[in-house]
There are 2 protein chains.
Amino acid sequence: MESLKKLKFEISSRSHTCGELRQEDIDKDVVLCGWVQKTRDLGSLIFVDLRDRYGVTQLVFDSQTHPVCFLTAKKLRMEFVIKVNGRVRARPEDAQNIDKSTGSIEVLVESIDILNESKVLPFMIEDDVKASEELRFQNRFLDLRRNCLQHNLLIRDKAMIATREFLHENNFVDIETPQLFKSTPEGARDYLVPSRIHKGKFYALPQSPQLLKQILVIAGFDRYFQIVKCFRDEDQRANRQPEFTQIDIEMSFVDQDDVFKMTEGLFENIFFKTIGVEIRRPFPIISYDEAYSKYGTDKPDLRFDLELHDISEIFSSIELNFIRDVIDSGGSVVGFKLTEDCKLSRKGIDNLTEEFKTIGGKGLIWIKYIDGNIKSSISKFLNDNLNSQIIEKFSLNEGETILIASDAKDKIFETMGGLRLKVANMFNLMDKSDEKYKFLWVDRFPLFDIDNETDNLVAKHNPTAAPLDEFIGNLTEDPLKIRAKQYDLVINGEEAAGGSIRINKRSLQERVFNLLGMDEKNMQEQFGFLLNALEYGAPPHGGIAVGFDRVIMSLCGTNSIQDVIAFPKTTRATCLMSNAPSVVSEKQLNELHIKLKSIPND
Amino acid sequence: MESLKKLKFEISSRSHTCGELRQEDIDKDVVLCGWVQKTRDLGSLIFVDLRDRYGVTQLVFDSQTHPVCFLTAKKLRMEFVIKVNGRVRARPEDAQNIDKSTGSIEVLVESIDILNESKVLPFMIEDDVKASEELRFQNRFLDLRRNCLQHNLLIRDKAMIATREFLHENNFVDIETPQLFKSTPEGARDYLVPSRIHKGKFYALPQSPQLLKQILVIAGFDRYFQIVKCFRDEDQRANRQPEFTQIDIEMSFVDQDDVFKMTEGLFENIFFKTIGVEIRRPFPIISYDEAYSKYGTDKPDLRFDLELHDISEIFSSIELNFIRDVIDSGGSVVGFKLTEDCKLSRKGIDNLTEEFKTIGGKGLIWIKYIDGNIKSSISKFLNDNLNSQIIEKFSLNEGETILIASDAKDKIFETMGGLRLKVANMFNLMDKSDEKYKFLWVDRFPLFDIDNETDNLVAKHNPTAAPLDEFIGNLTEDPLKIRAKQYDLVINGEEAAGGSIRINKRSLQERVFNLLGMDEKNMQEQFGFLLNALEYGAPPHGGIAVGFDRVIMSLCGTNSIQDVIAFPKTTRATCLMSNAPSVVSEKQLNELHIKLKSIPND
């Protein structure tokens, strides 16, 4: 099967792209097509930079040798589309541009067709664009001509290639799952699609193909994957989109280690093949509880240290009322050490305290070790014994500072985790990291969480995640203590992927659904097919889903998800180019057996 | 970038798959995981066929050497999932199975884990399944364990690989377009998605990314592709699904020839890489009008001949009233010749006449050439002159038969085209073809059609298709006569792909929209962004969309679309496994600002 000759398909209308011609092409007759990027009229010569997605080639129109062409060239304006025939020649030595791959040649144009014209542009096609986001999105067909966005979409393409290549090499099968599926109100809010044939019924667009990928491995596909669109109708924040892309993976006969190893190989391949970065494997692993106590978050950014320490014990006997109150009511005192190169002035500390308050913190205590002495905002409550304990706990060195705060146990780690990020930003610690990309596994997630509105148990991530073996014997006593075979992959403090080893026995799955408040009927209606499938030889299985858009953001070094998606929506879930969503006709609604609720003010 | 070592990812729980062990593995210690396909209890020995998606391996449990294992093996039932450790050994010579790749070895089991049990199956896991479609779809997790469906989904995966590989080699960029887009009531019926944020507004799921792919090439991506889900809410017929997959392709600076060449290369690669079939290029091209007059359809099956001939001229003076009436009122007489090996008895002709009536035909005339004489159902109206004209027109040879009918011009070609297929089926001419796959381009499609309900002009295929150059000067005089740069690819009489060269000037696009009855406001609302984009340097462009599911059906040799989709829906657009679509909560509807219309009888 390898004998089929490669077919490099050439189109008839051009001989080369605008990024292709080099010194060795000199004297060739060529045909180029592209957009007019820039024109310079020097009187008897006109230079035109002709652009396509492969590069830019300099064209020369000469009034002496080709007067008709020259007259046509006079009419060219920015973004006109043209086709030229001409001959490649060397540029004069002093006009060579070594920054451009085509910088040593130019094409003397012998004939030209204006294929299409362009009106005056609403904004310039340049990386450092000045136009508003609104104007850019309305004219996305122009915005996408900018080099940086073209680059991002090419990186996205390469990342898809690297993903599929790696997974196919490892025997994964790409299987499509339906987009018109079933609403499962357990998770986030579904996008619904009214059925015309079944009056009063609705499909839902999948939030993930979770259940279907489990069905596929139960059906015997031991390694499944799909790069798939998923949908969540949530209130949009920055870097959330109503539809997003996920690398969806599931495997049978595996444990957590296998999923980790495979995912690491996948990321290695993606990072190397797209941006040439070799990443270090295996990734470190930290448990959810440890991540919380050390970094105050389940997605710690490990490009910098600033590790949290609980020093309630040390401060247990301090004569400082507000700290004593916190400790007596079961709260904690938590601090972290800034390194020597993070210099905080009094004013710096005041500013930080203000910022700390915006994320729910209260006051901040500082302790510095200067000239062999401890200085602190609470010096008069410290003593030699306390000082030496603190120095030991934080391995405090000359010139270093500790920041400390106290609060209720369920709050202090999160607020200090937030402060940790603010300090890192303030001193730009991210960029001082030895590695640009810090990968981290966080495992042993809680199986359940509490819904703050209803006080009910909800699944922390996924109701089909398997509890760790040591909890299976006793699920009911303290469900919030149960830890699961559930894991996240974190890159530079952002969740890049998440998954779990799944429950593969009906009885256990039913017990979990029970704890989530579902009765028999409920379960059967929503998850009946999964429960059935678990009774017919369901193998041990697990998997992971990679947030593809986020990974591309990492690869492209952008903070905006809209820069890595061809046609993104706004935070109000609108497409500014097409104005979707839009009003539809009464006839359409009638066919779907629905009507609009009367809208008083809109 | 080529230096990264390939990472073949091994999982910890098994050493080999069930399709892997061979003679050279004898004496190896192995670990296998899989499903119990069959057990044979020979008293002191139990044989188990262990299956996974890679194959079947024979396990041996020996009561003498491994009594504990043996006892466990006694409990095994069909579709139990097990993990075994054992040693590979040669089978006795008389027990070797040369039909199986693993047929010369077996594994003597030394330890066994039952990973999961299975209830008694609702139907047997075998290719030639007896269960109803309903039962199979309800239990798709079992149905998909059948070898034939696993095979089809693997072919589908391979076809996706071959597609992406070919297109990437030819510089196409894979770019995702949104699934939540805008309703364009011009085409087929849209699936709608109510917006929560924008009261009373709706997204539509795309029927194809047609407009967006045009935007992408206008944005400078000269070669775009995507394997993408599309949606059409039409009344389901056999082999239609509410969601379907399409290979979507668009290119700039191309003409029809370029699209043909590239598509042929794509199909060559797909057919060779999935099923090893080398297809012949270039594919023949026939115009829409010629296809209609020769085969009575725009998607002729060329695996057999049976070409239609208009013989109105020859019959213009015949004294047969019903034929004279047809001719006098502007109708036609059309016939085709059966080859010598198609023997039609009187009874055969009677049956065929009945079948002809079911597709709208009237009476059938037959003419045979037997022993040098013409015999016919209308012999007494024939004469030597007529006979010799007929013999010449059809190159009629000894033993051959002609079938003839007459009817109005817009009907006779279609009904005779239908009869042509019935005859081919009756004599199984498809299977006698020299090539298993007959590819054919049909081009020069009409730009417009008439909507039978409203008598309005509608786009025959696509309102952005460019008229052929010779029609551009005069679009209004007889719009139905306008032929477009619109083409279909037909394989064995099925439409496999369709596309066009697009309009790239705003003025021409507006004139076409005008003819389709759209006013300025209408156009701007529905297609404003496309019209705008055409004014900013839109290059010449065109493309094609390949019906992926249909191509997979061809590759798999199945007549059922449900055999090439993991989770298909019924013709009533229901998923029998999950029961989607389903009822949703009042809360969900309220959030979407819609309510159900009261349903009197449901």
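The model is predicted, with local features requiring pLDDT of at least 70 and side-chain atom pairs counted only at pLDDT 80 or more, while totals for chains, interfaces and linings use all residues. Residues are numbered from 1 along each chain as its sequence is written, chains are lettered from A in the order in which they are written, and side-chain values use heavy atoms, leaving out hydrogens and water.

Begin in chain B by selecting residues 365-370, which form strand 14; strands here are DSSP runs of type E with at least two residues, and helices are runs of H or I with at least four, both numbered from the N terminus. Five of the six residues of this strand are buried, so strand 14 is largely enclosed by the rest of the structure, where buried means under 20% relative accessible area, exposed over 50%, and partly exposed in between, with a 1.4 Å probe and protein chains only.

Next, select B:D29 and B:R87, whose side chains meet in a salt bridge at 3.1 Å, N to O; the term requires a side-chain nitrogen of Lys or Arg within 4 Å of a carboxyl oxygen of Asp or Glu. B:D29 lies in strand 1 and B:R87 in strand 4 of chain B, so the pair ties together parts that are 58 residues apart in sequence.

Now turn to chain A and select A:R280 with A:E435, a salt bridge whose closest N and O atoms are 3.5 Å apart. The two residues are 155 residues apart, A:R280 in the loop between helix 6 and strand 11, and A:E435 in the loop between helix 11 and strand 17. A:R280 is exposed, with a relative accessible area of 56%, whereas A:E435 is buried at 18%.

Finish at helix 13 of chain A, residues 506-515, where A:E510 and A:R506 lie four residues apart, about one turn of the helix. Their salt bridge brings the closest N and O atoms to 2.9 Å, and both residues are buried.
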